[in-house]
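Here are some notes to read with the model open beside you. Take the points one at a time, and find each residue on screen as you go.

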Amino acid sequence: MLLPMFEFHEPLSIEEALELKKKLGQNARILAGGTDLLVHLKKKLVKTDNLISLSRIKALSLITEQKDSIFIGACATMAQISRSPVIAKKFTALKSGCDNLGNHLIRNRATIGGNACNASPAGDTLPALLIYDSVALLESYGKKREIPIADFFTGPGKSCIQPDEILTGFRLPIPTDHSGAHYIQLGKRKSSEINVVNVASFLEYDPGTKKVITTRIALGSVAATPIRAARAEAALLGQAPEEASFFAAAEMARREDCRPIDDFRGTAGYRQAMVGVLTKRTLATAYERAKGA
Amino acid sequence: MKEFDIISTRAHRIDTPDKATGQAVFTDDITRPGMLYGALLQSPHAHARILSIDTSKAKALAGVKSVITHEQAGHIKYGVSPARYDETVFAIDKVRYIGDEIAAVAAVTLEIALAAVELIEVEYEILPAVFTLEEALKEGAPQLHETSPGNLCAEVHQEFGDVAAALKECDIIKTSTMKNKRQDGAFIEMQGCIAEFDNRGVLTLVSSTQVPHYVQRTVAMVLGMDVGMVRVKKPYVGAGFGIKAAANPMELACCILARETRKPVKMNFTRKQVFMYARARHQFSHTITTGAKKDGTLMAIKHECWLDGGAYTSFGIATVYYTGSLLGGPYKIANMSYDGYRVYNNKPTCGAQRGHGAVIARALFEQQVDMIAEEIGMDPMELRIKNMMDTGDTTCNDLNMSSFGMSECIEAVRKGSDWDKKKGNMPTGKGIGMACGFFVSGAGYPIYRSDTYHGTVIVKLTEDGGTALVYTASAEIGQGSDTAFAMIAAEALGIPLDHVRLASGDTDMGVDLGAYSSRQTLMTGHATKDAADHAKAQVLEVLAEQLSVPLKELDIKNGFITFAGDTPDFSALRTRYIKEHRGWIDNPDSEHLTFKEASRIAFLEKGSIVGTGKYKPHNLGGKFKGAAVGTSPAYGCSAQVAEVTVDMETGQVTIDSITDAHDCGKAINLTSVEGQMEGSVSMGIGEAMHEEVIFNDKGQVLNADLAEYKIVTSMDMPRIKAIVVESDEPNGPYGAKEVGEGAIMPTIPAILNAVYNAAGVRINELPLTPERVYFAIQDYKDRMAK
C-alpha cells in the first residue's frame, strides 16, 4: 500500500496554518501525529490534495498550567501528556487514557487533538476529556471560539470543527479537592487494541455531608460518539459514595444511557453489560482517589 | 551419556551479528540492475465467471513492460500434493475467492505497475458464492470445482481396533465439540521474490520461502523447464510457520514476467495480500467421544472433524489426515476412529500452520481427559501418566515412539509449577490447568511420492585445512537451523564452531525438503553429521597412512588430533606444513597435531576433501490408506501447565504463567530450543485468546492487517518457564528431535483447562474473547440458579 500523491504544507505559525486552511478549506486535511490519517490515506478511506502538518508549530504542543486550569496543545502527544507531572497528579483518568492508546510507538506520535478530531466513539482520551469538563479551543483566520467538549462530537468521525478551523488545544479546569477520577478500557488484548468499551468517571464529594456533590461519567464505544451518562450521573448526585450507589448509577448507565450496536468487535449485549461493570469500577476507584486527594 | 563439546551448549547463533546490526539481507533488501516491479490483479469477487480480459490499456501505459494472464502463464495445474493439483497460476474461466489471481504486470516502477493493474478490464459474471461449511454442503449449493461434487475436497475414514465394542465396556463416556477460528501465520516478513533469467536461460528465483526445493520443482513444472535450469535461493527469511511451505502464485507469476521481459522482476505481497492468499490454519469443527474405565484407563476415541478449506486444496489433503492421525498418542489407546471432511468454499485457501492439523483436536481431547479425571476424582496428571505410552510403544495407527520423555515432561511441569500445592487450592477466578501433546520430527515421506533423499549436505574442507564449509539447501527462517547444523558439523568434525562456515537455502547446494513438519534438525542434521563424518574419515585415512597408525586409533577433538595409543612422532608432517608457510607467524607449535595440519596434509595427498551426507527415513507406518501421514522417524512431546485469572464480571482472561516442558531428544542448542518453546506458547496463546480472520458476508477479510488481526503483544505474554527435557532419540542425529511445532500442542488445552478450573466453564469455541467468556459465565450462573 502506497501513500497517494498530495501537496505537503508545513506552516511555522498558527496564523500561517489558518491562512492555508482558509485558502484550501475542505481540500486540505490537518496532519498531526498521522497515526490515523496516514493509515486512512493508504487504505484510500480518505482522499485529499493537501496535507497541512502542524508539527512545526511549537505552541501547539505545549502543556501549560494556569491558575485554575491547564492548557494542553492539540499536538501534545500521548507520551508527552503521560509524562506531564500536573497531569499525573491531577488528571489521572486522562493519563490512563493516554497510557492505554495503541502502543509505545503510536503513543510517541499520536496527539490529543488528533484523537479528538478523529472522533472515534472508542477514542482513548475522549471519555477523560468529557469528565474533566474540557473546553475545545478552535481558531479560524481572525476568529476564535470555545466549545464545551460535550458539544464537540457530532457523529462517528465527525466533530463541530468547520472547514476553515483548526483545533489548537483544550482547556481543562483543575479538579477541586475531594475529587477523583478513573478510566478503564476493555479490549480483546492488553495493548495495541481498539476498545470494545471504555468508561471514565469523575466524582467530588463533600467531606462534611459525605455526599457526592459533582459527578461526570463518560462512556466510549457504546454510541455514535463518546457520551456523558446523564441518567447515571443524576442517580448518583447527592448520594453517599458507596458500593450500593455506584452500582445503582452503573445500572442506570447500562440500562438508560448507552446505545451500543453489534459490530465485529463485540455485540451490543456485551457492551451494555460492560458499561455496568466499568462504570461501577471507575466510580469506586474515583472515590478511593477522592478520599486520598 | 556421551560428552559433547559443541552441541547441547548455548552457542551464540551464527546469524546474530547480521541480524543485530541490520546487515542481514532479506528478499526485499535486494535490488538487481534493470529490475522491474511486478503487481498482481486479484479478483474483487468471491465467485465469478470471467467473460473477458482486456489488457490493452494496461499494456499501453508508459513504463509497462509486460502484462500476463493465463494465456502467457499456461494451464498447467499445480498445488501441494500431486494427487490434488487444482490451481493454475492465473484464473482461466472463473475466480473462486476474493484475491484469486487473474493477471500480472511488470513495469519500471511499482507505482506504474499498480496503475496498470487498475487498467486491466475484466468482465465478470457474478456467481452465487458459499462461505461456510453449512452453505457449501447444502443441496444445490454453488459448486467450486467440477471435479469435486458437493464441494467436498477430501474425506477420510479410518478405524483402528473396534471403537463401538470398546465404548460398550467404558464406565465414562464424554462427548463434546470444539471449534477454532481461521488463523493467519502473522509472520513479520511478507512473501516477496525476485526472478531473473541469465543469458543461458537459467532462472534464478530469490524468494522468502520455507521450501526452496518444492518451489524449484513447482516452478520447473509450471514453466516447462528442467529442474537443473531453475535455481531457487532463500536469503534471510522472516518466518513462515507453514504458510510459506509451498510455491505461491506470485512466485510463479514473477518467473513468467521475468521470462517475458528478460529482466529481473521483483514482487511483494502487501500485508493485505498475505491475508488474501492465506494458507494458514483451517477452521476445524470437531466432535470427539472419549471412553474410559472408572480406574482411568482410556479405552477409545471416536473423532469427527469438518475442515473449512477455502477455495483450493493446498496442504488440505495432508491437513485432513494429520487431524486424525496425530490424536491418539501420547496415550495408550487401542481403539480410535476418525471421519474427516475438508470442504471447499469461496474464501481464501487454508493450509498448514505450526502443529499442522492437530492443534484443535488436541485442544478438545485434552479437555476430555480432564473431564474424565474430574469425574473419577483423579489428578489430571496422574490420569495422564497412567495412560502414557512408553518408549518403544506404537500407537494403534502405527506411529512408533522411539524415544518418549512424556512422563518426565509431566513431572517437570508438576514440580516447575508447584502443581501439587496449587491444584484444588485456588480461589474463584484463579485457575490452573495442564495438557500434553506430541508431534512429528519431520514427515516420514516427501509431499510428492518419491524415494528421494530428504536432505543432502556437503562438507568441504578449505585447502589450508583450517575451515570447514557446510553447504545445505535447508531453510533458515529464523528458527536457528543454520546454527544447529554448524554446531552438528563442528561436533562431528571435532573442531571449534568458529572454524565452520555454513551456507544454506540454495537449491544448487543439494536437495533439502525444507523447513516444515519440524523436520530439519533431525533430517538435515543427520545429513550434516553424515557429511562431516565422511570428510573427517578422509582426513584420518590420510593421517593413518602418513603416520602408520591404525585408523581406529585416530580421532579429532577440539581441533586437535587425538591418538588412542602413544602419540607418534608427527614432526615430519609439521615440518612439511611449516615449510609451506614461510613468513607466517602463527605456525602450529602445540604438543598436539592440529586438525589444520592434518587437513592440509590430506589436501596435499588427495586434493579437495569433500564429505557428502544424505538422509532419508527408514520405511515407516502401516499399510492402510493414509498411513503415511503422521509417520515420522521420531516424535517430540511436551506438557504444559497454565495459570490464569478470570475476571468473573468482564470475562477477561489473564494468563499469569505457563510452565512448559518439552522432550526434544538431545538439545542441539539449548537457547534455540527454549526460543521455539516460547514462540510456540506465544502462537498458542494468540489462537486461544484473540486471533481470528474475520470475513464480511461478501467473503472479504475485514481484519487484513496486524492492527486488527490480534496476535499477542508483549503485554499479553506471561512469564514462561521453559524446561528442556532431554531423551536419547535413536533415530536422531546425536539423539536430537523436534521442538518447533510439538511445543504448541498443549498450550490451548492447558489454558482451557485452567479457565475451567478458575470459572467453572468449558468453552467450546475459540478465541476466548472477554465477551465469549462472559456469556459462558452468565450461562453457567443461569444453569446453577435453576
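1. A word to learn before we start: a residue counts as buried when its relative accessible area is under 20%, as exposed when the value is over 50%, and as partly exposed in between. Lys710(B) has a relative accessibility of 4%, so Lys710(B) is buried. Please keep in mind that this is a predicted model.

2. Let us stay with Lys710(B). Which residue forms a salt bridge with Lys710(B)? The partner is Glu193(A), and the closest N and O atoms are 2.5 Å apart. Lys710(B) sits in the loop between helix H19 (670-689) and strand E25 (719-725) of chain B, while Glu193(A) sits in the loop between strand E11 (179-186) and strand E12 (197-206) of chain A, so this pair joins two chains. Glu193(A) has a relative accessible area of 9%, so Glu193(A) is buried.

3. A second salt bridge to look up is that of Glu649(B) with Arg281(A), where the closest N and O atoms are 2.9 Å apart. This pair also crosses between chains: Glu649(B) is in the loop between strand E23 (635-646) and strand E24 (653-663) of chain B, and Arg281(A) is in helix H11 (residues 268-292) of chain A. Are these two residues buried or partly exposed? Glu649(B), with a relative accessible area of 30%, is partly exposed, and Arg281(A) is partly exposed at 25%.

4. Now for a salt bridge inside chain B. The side chains of Lys347(B) and Asp308(B) meet at 2.8 Å, N to O. Lys347(B) belongs to the loop between E15 and helix H11 (359-376) of chain B and Asp308(B) to strand E14 (residues 298-310) of chain B, so the pair ties together parts that are 39 residues apart in sequence. Lys347(B) is buried at 7% relative accessibility, and Asp308(B) is buried at 4%. Salt bridges with shared partners also link Glu193(A), Arg265(A), Glu708(B) and Lys710(B) into one network. How many salt bridges does a search of the whole structure find? Over all chains, the search finds 61.

5. Next, turn to a sheet in chain A. Strands of a sheet pair through backbone hydrogen bonds, either parallel or antiparallel. Here the sheet is open and has five strands in the order E4-E5-E10-E6-E7 (chain A), with antiparallel pairing. Strand E4 (63-65) and strand E7 (143-148) of chain A are the edge strands, since each pairs on one side only. From one strand to the next, the twist averages 20°. Strand E5 (residues 69-73) and strand E10 (residues 166-173) of chain A pair over five bridges, with Ser69(A) opposite Pro173(A) in E10(A). Helix H1 (residues 14-24) of chain A packs on the sheet and touches strand E6 (135-140) and E10 of chain A; the direction of helix H1 makes about 130° with that of E10(A).

6. Some backbone angles deserve a second look. Most residues other than glycine have a negative phi, and most peptide bonds are trans. Ala119(A) has a positive phi of about 50°; Ala119(A) lies in the loop between helix H7 (112-118) and helix H8 (126-131) of chain A and is buried at 0% relative accessibility. Arg279(B) has a phi near 70° and is buried at 5%. The peptide bond from Gly329(B) to Pro330(B) is cis, with omega near 5°, and the bond from Leu766(B) to Pro767(B) is cis too, with omega near -5°.

7. Finally, visit the surface. Leu2(A), Leu110(B) and Leu114(B) make a nonpolar patch of about 210 Å². Leu110(B) lies in helix H4 (residues 110-119) of chain B and counts as partly exposed at 31% relative accessibility.

Key
Residues numbered from 1 in each chain as written. Chains lettered and ligands numbered in written order. Predicted model: local features only at pLDDT ≥ 70, side-chain atom pairs only at ≥ 80, totals over all residues. Heavy atoms only, no water. Patch = residues over 30% accessible without salt bridge, like charges linked within 9 Å, V, L, I, M, F, W, Y side chains within 5 Å. Areas by Shrake-Rupley, 256 points an atom, 1.4 Å probe, with all protein chains shown as cover. Salt bridge = Lys/Arg side-chain N within 4 Å of Asp/Glu carboxyl O. Helix = DSSP H or I, 4+ residues; strand = E, 2+ residues; numbered from the N terminus. Buried < 20%, exposed > 50% of the residue type's maximum accessible area, 1.4 Å probe, protein only. Pairing = 2+ DSSP bridges. Axes fitted to C-alpha atoms, helices over the stretch in contact; angles between N-to-C directions. Contact = heavy atoms within 4.5 Å.
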